[in-house]
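Biologist: I'd like to learn how to read a few features in a model like this one. Could you take me through them, starting with the aromatic rings?

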Amino acid sequence: MRHVYNIISYIFHPLFIPIGGTLVYFMVAPYSTLETQSGNILPIFILTVIIPIIFFLILKNLGVINSIFLPTVQERKYPLYISCIIFLMILYKVIPNNYVHELFYYFTGLLTATCATIILLFFKFKTSMHLLGMGSILTFMVALSIHFEINITIAISLFTLFTGLVATSRLYLKAHTKNELLIGFILGCCSQLIILKYWL
C-alpha cells in the first residue's frame with residue numbers, strides 16, 4: 001500500500017500544479033486559441049517544471065535538500081523562494097505577451113499562497129504543499145465552471161476524490177499532520193477565493 005501512496009504523492013506533486021491549472025484552463029475556456037495556448041503552455045511548463053527540477057538537482061548536490069518532498073522546514077525555504085521568483089516571471093513576462101485574464105489571477109493566487117507558506121515557515125510550521133496545490137486547482141476549476149457557465153461537475157468530483165487520496169497518502173506516509181494538511185488546503189482555496197472578485 002505504501003508504494004501506491006508514494007505514486008499518488010509523485011503524480012500530484014506540487015511541481016505539476018501550475019502547469020496543471022494552465023492545461024485545465026485551456027481545456028475549459030471556450031475562446032482559447034492555438035496562439036494563446038502555445039504562447040503560455042510551453043513557457044509555463046519550462047518555468048514551473050524544467051527549471052525547478054534543475055534547481056532541485058543543484059540544491060541536492062550542494063546538500064541543501066535531500067528529497068523532492070522537502071521533509072523539513074529548512075529544506076523548504078530555497079525552493080519556495082525560487083517558486084515565488086518563477087511565478088513573478090510568469091506574471092510579468094509570460095502571460096502579458098499572450099494575455100489571459102483568468103490565468104493571470106490563477107498565478108496571482110498561487111504566488112499569494114506561496115508567500116503565506118514562506119511566512120509560516122518562519123514560525124516553524126510546515127504547510128502541506130500537496131494540499132495547497134490541490135486546493136488551488138480545485139477552487140480554480142469551480143470558478144472556471146461558473147465563469148464560463150460550463151458543466152464540468154464530473155471533473156470537479158474526480159478532482160475532489162483525488163484531493164482526498166492525496167491527503168490520505170500524505171497522512172499514511174507520515175509526511176504531515178492533519179493540521180498541516182488542513183492549513184495547506186485552506187491556503188490553496190482562500191488564495192484563489194480572495195481574487196475571484198477581480199475576474200469572476
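Modeller: Happy to. The structure holds 13 aromatic pairs; rings of Phe, Tyr and Trp (its six-membered ring) pair if their centres lie within 6.5 Å, and planes under 30 degrees apart count as stacked, over 60 as edge-to-face and the rest as tilted. This is a predicted model, where local features need pLDDT of at least 70 and side-chain atom pairs count only at pLDDT 80 or more, while totals for chains, interfaces and linings use all residues. Residues are numbered from 1 along each chain as its sequence is written, and side-chain values use heavy atoms, with hydrogens and water left out.

Biologist: What is the geometry of the Tyr25 and Phe148 pair?

Modeller: A pair of aromatic rings is described by the distance of the centres and the angle of the planes. For Tyr25 and Phe148 the centres are 6.2 Å apart and the planes are at 50°, so this pair is tilted. Tyr25 sits in helix α2 (residues 17-28) and Phe148 in helix α6 (residues 129-148), so the pair ties together parts 123 residues apart in sequence. Helices here are DSSP runs (H or I, at least four residues), numbered from the N terminus.

Biologist: Is Tyr25 buried or exposed?

Modeller: Buried means under 20% relative accessible area, exposed over 50%, and partly exposed in between (1.4 Å probe, protein chains only). Tyr25 is buried at 2%, and Phe148 is buried too, at 14%.

Biologist: And what about Tyr78 and Tyr81?

Modeller: Tyr78 and Tyr81 make an edge-to-face pair, 6.3 Å centre to centre with 85° between the planes. An α-helix has 3.6 residues a turn, so residues three or four places apart point the same way. Tyr78 and Tyr81 are three residues apart in helix α4 (residues 73-94), about one helical turn. Tyr78 is partly exposed at 45%, and Tyr81 is partly exposed at 34%.

Biologist: Now a helix: how many residues has α3?

Modeller: The expected span of a helix is 1.5 Å times one less than its number of residues. Helix α3 (residues 34-61) has 28 residues and reaches 39 Å from first C-alpha to last, close to the 40 Å expected.

Biologist: Where does α3 bend?

Modeller: A bend at a residue is the angle between axes fitted to the seven residues ending there and the seven starting there. In α3 the bend is about 30°, at Ile46. Buried residues of α3 include Ile44, Leu47 and Pro52. After α3 comes Gly63, with a positive phi near 80°.

Terms used: Helix = DSSP H or I, 4+ residues; strand = E, 2+ residues; numbered from the N terminus.
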